[in-house]
Amino acid sequence: ATLSLRSSAKGCQAMAAESVTFWSTSDWLILTLAPWLVFMVAGFPFAAASIHFQNNSWPLWHLGGITMAAYGSRNMINAFVASRGPWLAAPITLACASLLIPAGMWPDSEPVVLMALF
């Protein structure tokens, strides 16, 4: 039994030594591009929205409130979609995307912009 334990330990060490590789280009792209895309999707619109709010003399606390409500409801919406099935994600996404159309038509209306940010 001792001989088999030693041989399996040597086998594990050999496998560990063989599995050490350098990161590929795709690994680096995932580590650098993915966080940048997350920032562009989640962070940049809210930074641009604050400038838009200031240019229109709208109170920034309205932007903060809608941002808090949007991120606060995210867990409940995710749990709802997970409990009902992933097929529900497409209609919710279409409904949310349709809220962007009025904001493109009336960018100087605070309620419309807040609705699009939610």
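1. From the N terminus on, the elements of the chain run α-α-α-α-α-α. That is six helices and zero strands. Helices (H or I, at least four residues) and strands (E, at least two) are DSSP runs, numbered from the N terminus.

2. This is a predicted model: local features need pLDDT of at least 70, side-chain atom pairs count only at pLDDT 80 or more, and totals for chains, interfaces and linings use all residues. Residues are numbered from 1 along each chain as its sequence is written, and side-chain values use heavy atoms, with hydrogens and water left out.

3. Of the 118 residues of the protein chain, 17% count as buried (under 20% relative accessible area, 1.4 Å probe, protein chains only). Contacts mean heavy atoms within 4.5 Å. Among contacts with a separation of 6 or more, 54% join residues 24 or more positions apart.

4. Helices α3 and α6 (residues 110–117) pack with their axes 9 Å apart, at an angle of about 30°. Axes are lines fitted to C-alpha atoms over the stretch in contact, and angles run from 0 to 180 degrees between N-to-C directions. α3 and α6 are therefore roughly parallel (angles under 35 degrees).

5. On the α3 side, H62, L63, I66 and A70 meet E110, L114 and L117 of α6. These residues divide into five nonpolar, one polar and one charged. Ala, Val, Leu, Ile, Met, Phe, Trp, Tyr, Cys and Pro count as nonpolar, Asp, Glu, Lys and Arg as charged, and the others, Gly among them, as polar.

6. Check S57, in the loop between α2 (25–55) and α3 (60–84). S57 is not a glycine, yet has a positive phi of about 60°. Most residues other than glycine have a negative phi. At 65% relative accessibility, S57 counts as exposed (over 50%).

Key. Angles under 35 degrees count as roughly parallel, over 145 as roughly antiparallel, 65 to 115 as roughly perpendicular and the rest as oblique.
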